[in-house]
Every structure is written in C-alpha cells, then in structure tokens.
Amino acid sequence: MAITKTAPQDDAERGGPEADDGGEEGRGEDGGGVVGGGIDGGREEGGGEEGGGEEAGGEEGRHLNSPLLLTLLLLTAVMFQDPIRGALSAPVMQSWMTVFVAVMVQALPFLVLGVLLSAAIAVFVPPSFFARALPKRPALAVPVAGAAGAVLPGCECASVPVAGALVRRGVTPAAALAFLLSAPAINPIVLTATAVAFPGNPEMVLARFVASLLVACSMGWLWHRLGRTDWLRLPARASYEGQGKGAAFWGSVRHDVTHAGGFLVIGAMAAATLKAVVPAQWLSLAASHPVLSVLVLAVLAVLLSICSEADAFVAASLTQFSLTARLTFLVVGPMIDLKLFAMQAGTFGRAFALRFAPATFALAVVVSALTGTVLL
C-alpha cells in the first residue's frame, strides 16, 4: 500500500525538502506544481508554462532571425514609403541606382559561372592531382603552381581551401601559396570579365595577367627563401570530408554565392557611392596624383573585399582614375583583402597571415605600378 505524504503549505511554496517526496504526481498542472519541488524547482525542470517555457520563450525573443528582420525592414519601408520615394527621386540617388544596377547586371553572370566551376573543381578534382603534376624542386614548383592557377575558375574564397589541401597532401608551401595568389587573378573567368569590363583597353587583360603572375611567383619564392615552418599551421582536415559529392558541390555553391555575392553587393554600393556622393574634386585630386591614386585604389581594394570575378566592373566604373591605378586595384584585391586575411588566418594561422598579408600588399602595389607603367 502506497503511503502519500502531504507537505506543509509553507514548505511547498518555498520548494523545501519535504516537497520533493510527492512531487511527481502533481507536476503537470502548473509547470512543476506547488508540491513537485516548489515554484523554483518547476522552472528548473521546465515542466510547464511557468517553467522551461518562459526561459525558452525568452531566448527566442532575444534573437532576431533573418525572416523577422526582413519583415521588420519591409514594414518600415511601407510606413515611410513617401519619404523614401522622395529620396529615391533625387538626382543623386538616381545616379547612385544607375551605377549600382549596371555593376550588378554586368558582374552577376561571371560570378555565378565562376562559383559553379570552382565548386566542381574543388569537389570532383582530387587535390593529389596537383601534387603529382608539380616538380619536386620548390624553385621550379613555384612558377608551375602559379601558372596552374589558371585551371581554377573561381574567386579567392575557393583558392584558400584548395591551397590548404595542397599543403596537406605534401605540396611545398611555397608552391601552394603561389597557387593561392594566382588562381583568383589569372583564371579564364576573371580575364574574360576584365576584357568585357574594359572593351576599349584590351591591354588591361595582359597587364593584369602579367602583374598577378609576377606577384604570385615572387611571393612563393620569397616564402621559400624566408618562410619558417612554425609560422604555417597546416589545415587539420579536408573541407568536404564525410560528405557525398552532390552535397559537397551544392554546399560549396551556396557558400561561395552567399559570400561572394554579398561582397559584390557591398562593392557595387561603394562604387556607386563614390560616383554619386563623394565630391568630384576629391576624387579628381586623388586621381590627378600618380602615386596617390595608386595607393588610394590599393587601400580601397583591401577595404571593399570584392570577389575577383566582379572587381573588374567596379574598377571600370572608376573612370576618373588612371589605368595604372585601376590595374593596382585589380591586382591587390584578389590577393589581399579583409575577407582573405580572415580566411588565411583561419586556415594557416594568425602568425602566417600577419606576415604574409602585408608583404603581399606591398609587393602587389609595386609590381602593378611598374607593370602599368610599361604596358599601359
């Protein structure tokens, strides 16, 4: 015969020791009940509305998800549609929208094609293929790896994990780094986009190819000469380990479209802002000085972090700058920018990125300026 023990009211409200004995029977009525361990005990157990439900609801209420944020933005736009319509009808905003839409429409086809090809190569071509194709001597492997960058039609987001896979498969780091720098800059998609963006200046395609390949090979040789193994943290595992080919392919596509597409939008917005908002005399002042114009666009390439498949269209819109300055923008951007620095630090370690990124920036500026002086 079961013996039921009734706890005193005072102890039950405080969740005292006597309330624990008979708590299992009365837990369902009010989220833990008065008898089932007290009010505090019911909340810890999460048994009802006054227990874990409040805590979970509070957590959900404190976090904004993407659909909710989009809904709030749309409601705000509807509420303030008259002021927004008036602002968009201003001449400055019309000029801004014209440049923004032009850059996006020109760049999107190349971005999508590059992402698809990059995902296919990253998933279906084994990294060991590149290791077998490279010479054993590092000094010879560097230019071969730099030229092999043309077979990876993708942006810099794809070159970092591929370079990490090469190092993990035994390729000398100098050759892998040359491949990392050249792949986003000299592949056919990027060169074709450059030709389309500069239809009246076909020499820009040659200048970009030459300058980018020189920087990639020079950095590879510099690392072979001065680099130290303790600066380089090897990747722990493959990017698509444990996934099927189809899942890995579409996962790579989604990742590159999300990241590269987002940076393209930011770059197009920045280019449109420079054209429509920044006073013309400021840009003319920077553009009229040969050295200052090169440095300004080099820094701008790092800050904007535009995908290499779309940066040519942004550079083409900066018509007030010289071809040499815009060449510097095209050479620096695919080799070192904010997102690349973060990816390199995450893949190879912070000690590597803090040394490799500044050296790459300085060499890219010097080589592109000299190349532009000769070829442009």
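**Notebook: loops, patches and pairs**

I began with Phe 80, which lies in the loop between helix 4 (66-79) and helix 5. Helices here are DSSP runs of H or I with at least four residues, numbered from the N terminus. This is a predicted model, where local features need pLDDT of at least 70, side-chain atom pairs count only at pLDDT 80 or more, and totals for chains, interfaces and linings use all residues. Residues are numbered from 1 along each chain as its sequence is written, and side-chain values use heavy atoms, leaving out hydrogens and water.

Next I looked up the surface around Phe 80. Met 79, Phe 80, Ile 84, Leu 88, Met 97, Val 101 and Val 105 form a nonpolar patch with about 650 Å² of accessible area together. Patch residues have over 30% relative accessible area and no salt bridge, with nonpolar side chains (Val, Leu, Ile, Met, Phe, Trp, Tyr) joined within 5 Å; the areas come from the Shrake-Rupley method with a 1.4 Å probe, and for residues only the protein chains shown count as cover. Helix 5 (81-88) and helix 6 (91-124) each give two or more residues, and helix 6 gives the most, with three.

Then I searched the whole structure for salt bridges (a side-chain nitrogen of Lys or Arg within 4 Å of a carboxyl oxygen of Asp or Glu) and found one. Arg 208 pairs with Asp 311, their closest N and O atoms being 3.0 Å apart. Arg 208 lies in helix 12 (residues 203-226) and Asp 311 in helix 16 (residues 311-317), so the pair ties together parts that are 103 residues apart in sequence.

Conventions
Patches are made of residues with over 30% relative accessible area and no salt bridge: like charges are joined within 9 Å, nonpolar side chains (Val, Leu, Ile, Met, Phe, Trp, Tyr) within 5 Å.
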